[in-house]
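Please follow the structure shown here, beginning with the surroundings of its ligands and ending with the packing of its helices.

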Amino acid sequence: MPKLRLINPRNPLNGLVQSDVARRITLGRKAIFMPLGLMVAAGTVPREWQVEIVDECTGPLSVAKDADLVGITAMTCQAPRAYQVADAYRLLGVPVILGGIHPSGLPEEALRHATAVAVGEAEGTLPRMLRDFAVGRLSGIYRAEGDVEIATPRRDLLNPRDYFVNNAIQISRGCPQRCKFCTTQAMYGGRYSVRPIEAILQEIRDLRMKRVLFADDNVVGHFGWAKQFYRELAKLRITWTGQATLNIARDDEMLALMKQSGCGGLILGLESPNPESLREGNKTVCAADEYLPLIRKVQQARIGTWGSFLMGFDADTVESLHAAVRFARAARLGISCYPILTPYPGTPLYDEYGAAGRILTRDWAKYNGATVVFQPKRMSVRELANCQMAAFREFYSWASLRERLTLWPLQKWAWIINISINQGFRYYYRRQKKRMPDFREAEMWKETTV
Ligand code: B12
Ligand code: SF4
């Protein structure tokens, strides 16, 4: 029986090599997230193959000639390690397939390190690649086209106890929105597809967990289908979280159904309260002046609000980024994060910044949301980097916690996460013997440029 080894390469945030801080927050688990993409890819492999998953985020990887074919996944920040592992296998004469978000965005680059590259979903590529391998024809770029039937992940191939998050499932793929910085277009070509409802419910029953995380880009990409799904989901009496667009709050029935189905909290890609930045990012789903009333409606439905704000649009300044944090506090978001705008390959932003010569590095390991990899327009690289840390500092300060989180009704998880992040950051800066950037000292950031 031929053997396929699927590999999740080391990832600075997700894995064994995660910083002390992340390890503390994840209660000592070996990695944060189970590699769902590989588990799903394994679910597409026909029975005549033996398949295994090796996760370098949970243990060491030894490269040996003990598989017939190797498949490697890569987000952009994992690409350098993925290429290193691919090259090592190919030196031994083992053919390699590269797949996932980064190879889908830059297939020609990936092909320099692989026998073949999968662009898009494994469901639409891997079975075909395995057939070609069997007849000695595996080579080049394979693209998933049209709607695919989303496969059920092979959870039996990994130990869930190694992971902090081991309850992720997908209910849909893609997103109908067209944000300029998002990779969904490269990955799904603008499609939004959903799984059969019964297949999702069965996967949740099989998980035997009372809490699940929907690892989707957008759990409300099709309102009609979503309402039907949440009606059925309510019967399972679980709690769930996922990513959604804020326009749900314009629809009272949708909010009520989500709550009844067990929605405990939503990650909302708000990006910015500044209309100019939203326009620039083509984030058109809700206008900036609707944000506050819509967020209040989600909160009134007793659904937790976790906002994500991108930092570094051309319209952004140190002051406007500080205003974003003040907005997050005033909106009383339970949690929020501040990733640096990053031109991921395959996005319109990557093409635009590339053409304008604004990309400062193509060291993909730095494409991690925590490093400035392009030339900002209205501030220096150092100012933008400091804004991110100052935003975390201010949002997770004790004063902000007291303002945003109530004691009754107790938002247990929000408190736990907020205190962990507050302590994690302090610990990190203490260990580095550095001062945490503070918006009140922003004038000083101008003095040196990086
Ligand atoms: C869970 C998640 C995480 C988890 C763990 C991710 C992991 N894979 O280990 C955590 C929380 C750690 C995380 C972190 C980050 N994430 Co994240 N994350 C996700 C999320 C929401 C779900 C991932 C998932 O499980 N998808 C479901 C599976 C089924 O899809 P998939 O992985 O794409 O796999 C399919 C195909 O790609 C393909 N495939 C994948 N691998 C292979 C291999 C082979 C051989 C083949 C044939 C096919 C194949 O087949 C699979 C099934 O169809 C995605 C959004 C998304 N929809 O994917 C973002 C996403 C992956 N994250 C993203 C980003 C930007 C980040 C951060 C940088 C965020 C930030 N700004 O701080 C950090 C990374 C920091 C770091 N240093 O690691 C981007 C990636 C962009 C990019 N080009 O790399 C995504 C796509 C979100 C987005 N729409 O932009 N993330
Ligand atoms: S709404 Fe979110 S998932 Fe959809 S395209 Fe925009 S950033 Fe991507």
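In this predicted model, the shell around ligand 1 divides into 21 nonpolar, 15 polar and 3 charged residues. The shell holds 39 residues, of which Gly-37, Gly-71, Thr-73, Gly-99 and Gly-369 come nearest to the ligand. Several elements give two or more residues to this shell: the strands β2 (31–33), β4 (69–73) and β5 (96–99), and the helices α2 (36–43) and α4 (101–105). The most is given by α2, with 5 residues.

The protein is divided into domain 1, covering 3–143, and domain 2, covering 235–445. Because both domain 1 and domain 2 give residues to the shell around ligand 1, the ligand lies between them. Taken over C-alpha atoms, the centres of the two domains are separated by 30 Å.

Ligand 2 has its own set of surrounding residues. Cys-175, Gln-177, Cys-179, Cys-182 and Thr-184 are among them, and the ligand is also surrounded by Asp-217, Asn-218, Thr-245, Gly-269 and Val-285. By class, the shell around ligand 2 comprises 4 nonpolar residues, 5 polar residues and 1 charged residue.

Two helix pairs may now be considered. The crossing of α13 and α15 is right-handed. On the α13 side, the contact is made by Val-318, Leu-321, Val-325, Ala-328 and Arg-329; on the α15 side, Glu-383, Cys-387, Ala-391, Glu-394 and Phe-395 take part. The residues of this contact divide into 7 nonpolar and 3 charged, with no polar residue.

The other pair consists of α9 (residues 223–233) and α10 (residues 252–260), which pack at an angle of about 35° with their axes 9 Å apart. What is the handedness of the crossing of α9 and α10? The crossing of α9 and α10 is left-handed. Helix α9 contributes Phe-223, Ala-226, Lys-227, Tyr-230 and Arg-231 to the contact, while α10 contributes Glu-253, Met-254, Leu-257 and Met-258. The residues of the contact of α9 with α10 divide into 6 nonpolar, no polar and 3 charged.

Definitions and conventions: Residues numbered from 1 in each chain as written. Chains lettered and ligands numbered in written order. Predicted model: local features only at pLDDT ≥ 70, side-chain atom pairs only at ≥ 80, totals over all residues. Near = placed C-beta within 6 Å. Nonpolar A, V, L, I, M, F, W, Y, C, P; charged D, E, K, R; others polar. Helix = DSSP H or I, 4+ residues; strand = E, 2+ residues; numbered from the N terminus. Domains from an automatic or database assignment. Left-handed = near helix turned anticlockwise from the far one by under 90°. Contact = placed C-beta atoms within 7 Å. Axes fitted to C-alpha atoms, helices over the stretch in contact; angles between N-to-C directions.
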